[in-house]
Amino acid sequence: VRAGLLEGIRQHDERPERFQVEEAMRSCGIAAQTLMLAAQSMGYNTSPMDLGDVDAVAQIINLPADHVIAMYVAIGKGTDAPWPRGGQLAYEEVVKTDRF
């Protein structure tokens, strides 16, 4: 089993850089969602954010050159009621079974 896992890791690491970046972004999304759910369970409000100038933020936080910013998550206590939600899509519009 160990040899199989090591071979799988080796093959994963040898894929083109694009695939490695995509996998890292997926992992960051999962981590951000987990962080947001944990914060919410402790009574905090959260929101994923898209701040425009990632290069400026990277410079401010002294981000190493071999790192990238995947996303921002705001966590805090709201001072106003949240804006109303825009509505929910119908199940049939979101879930596709077997084919498109």
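Q: How many salt bridges does the count come to?
A: This is a predicted model, in which local features need pLDDT of at least 70, side-chain atom pairs count only at pLDDT 80 or more, and totals for chains, interfaces and linings use all residues. Residues are numbered from 1 along each chain as its sequence is written, and side-chain values use heavy atoms, with hydrogens and water left out. A salt bridge is taken as a side-chain nitrogen of Lys or Arg within 4 Å of a carboxyl oxygen of Asp or Glu. By this rule the count is 2.

Q: Is Arg10 buried or exposed, or partly exposed?
A: Buried means under 20% relative accessible area, exposed over 50%, and partly exposed in between, using a 1.4 Å probe and protein chains only. Arg10 has 36% relative accessibility, so it falls in the class called partly exposed.

Q: What is the distance between the closest N and O atoms of Glu23 and Arg26?
A: Glu23 and Arg26 both sit in helix H2, 3 residues apart, about one turn of the helix. An α-helix has 3.6 residues a turn, so residues three or four places apart point the same way. Glu23 counts as partly exposed because its relative accessibility is 30%, and Arg26 gets that label at 46%. Their salt bridge has its closest N and O atoms apart by 3.0 Å.

Q: How far does H2 reach from its first C-alpha to its last?
A: H2 runs over residues 17–41, which makes 25 residues. The expected span is 1.5 Å times one less than the number of residues. That comes to 36 Å for H2, and the reach in the model is close to it, at 36 Å.

Q: Which strands are included in what covers the buried residues of H2?
A: The buried residues in H2 are Ala32, Met36 and Ala39. Contact means heavy atoms within 4.5 Å. What covers these residues includes strand E1 (45–49) and strand E2 (72–76).

Q: Which residues make the nonpolar surface patch of about 390 Å²?
A: Patches take residues with over 30% relative accessible area and no salt bridge, joining like charges within 9 Å and nonpolar side chains (Val, Leu, Ile, Met, Phe, Trp, Tyr) within 5 Å. Areas come from the Shrake-Rupley method with a 1.4 Å probe, and for residues only the protein chains shown count as cover. One member is in H2, and that residue is partly exposed at 43% relative accessibility. The patch is made by Leu35, Met42, Tyr44 and Ile75.

Q: What radius of gyration does the chain have?
A: The radius is taken over C-alpha atoms, and the globule rule is 2.2 Å times the number of residues to the power 0.38. For 100 residues, a compact globule would come out near 13 Å. The C-alpha trace spans about 55 × 45 × 25 Å along its principal axes, and 5% of the residues count as buried. The chain's own radius of gyration is 19 Å.

How values were computed: Helix = DSSP H or I, 4+ residues; strand = E, 2+ residues; numbered from the N terminus.
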